[in-house]
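Me: I would like to go through this structure with you. Could we begin with the terms and then move to the details?

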Amino acid sequence: MAEVHRRVTTDQAALDLRPATLSDADQVADVYLRSRKELVAFAPLAHSDADVCDWIRERLIPAGRTTVAVADGQVVGLMAVSAATDCSWIIHLYLHPAWIGRGIGTRLLELAWRELPPPIRLFTFQANERARMFYERRGFKAVSFSDGSGNEEKCPDVLYEWRPADAVSNPSASPRRPA
């Protein structure tokens, strides 16, 4: 994403959204691993913690498309994106479990809506009801379901897509009005 540094207030805490740097790698790994283990425990990690940390430090952050949400000097969320010729992708969107429900995920999506050309697509696991409700309330539509044979975890997943027209037909999903 573009060089973005935005400060917003959420649940009485100042929140900075900014590009991830290598100095954030350990905290990004902590958020990713804690979120996966605590909130998505049904989908086992396909790689060791050490491999995940290396991947974040050596590949994810250097790719330059990861935004971190920082509150009180700590990384509390992350979003990694990519753009293809026909759509944009939210590859990862994870929050520290203690920071769920404070509007941070919505702020990260608003950034994606502002910065990425639509349509915007993402995958989540079918069993991740909380994530599915989160995306659906914000105008994402399920466009296909799979048996999980195409992901590392081998867990059934769902492909979601967001288009601006979806937000217009569902005012609560508008990027200008958080749900």
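Reply: Helices (H or I, at least four residues) and strands (E, at least two) are DSSP runs, numbered from the N terminus. The model is a predicted one, in which local features need pLDDT of at least 70 and side-chain atom pairs count only at pLDDT 80 or more, while totals for chains, interfaces and linings use all residues. Residues are numbered from 1 along each chain as its sequence is written, and side-chain values use heavy atoms, with hydrogens and water left out.

Me: How many helices and strands does the chain have, and in what order do the elements run?

Reply: There are 5 helices and 8 strands. From the N terminus on, the order is β-β-α-α-β-β-β-α-β-α-β-β-α.

Me: What percentage of the chain is buried?

Reply: Of the 179 residues, 48% are buried; that term means under 20% relative accessible area, with exposed over 50% and partly exposed in between (1.4 Å probe, protein chains only).

Me: Which residues of the largest nonpolar core touch the most other members?

Reply: They are M79, I90, I104, L109, I120, Y135 and F140, in a core of 27 residues. Helix 3 (104-115) and strand 8 (157-162) are among the elements that each supply at least two residues of this core, and helix 3 gives the largest share, 6 residues. A nonpolar core here is a set of buried Ala, Val, Leu, Ile, Met, Phe, Trp, Tyr and Cys residues joined through side-chain atoms within 4.5 Å.

Me: What is I120 in contact with, leaving aside its neighbours within four places in sequence?

Reply: I120 is in contact (heavy atoms within 4.5 Å) with S88, I90, A112, W113, F140, Y160, E161 and W162. I120 also stands opposite W162 in strand 8.

Me: Which way do the residues of strand 8 point?

Reply: D157, L159 and E161 point one way, V158, Y160 and W162 point the other way, and all are buried.

Me: Changing topic, how much space lies in the largest pocket?

Reply: About 1,200 Å³. Of its 44 lining residues, the closest to its centre are L93, Y94, F123, T124 and Y135. The search uses a 1 Å grid over the protein atoms alone: a pocket is an open set of points where a 1.4 Å probe fits, with protein on both sides within 12 Å along at least five of seven lines, and lining residues have an atom within 4 Å of a point. Grid points are joined across faces, edges and corners, and the volume is the space filled by probe spheres set on the points.

Me: Which element gives the most to that lining?

Reply: Strand 5, with 7 residues.

Me: What about the backbone?

Reply: Most residues other than glycine have a negative phi, and most peptide bonds are trans. Here, a cis peptide bond joins P118 and P119, with omega about 0°. D72, which is not a glycine, has a positive phi near 50°, and K154 has a positive phi of about 60° although it is not a glycine.

Me: Where does K154 lie?

Reply: K154 lies in the loop between strand 7 and strand 8, and its relative accessibility of 54% makes it exposed.

Technical notes: Two strands pair if DSSP finds at least two bridges between them.
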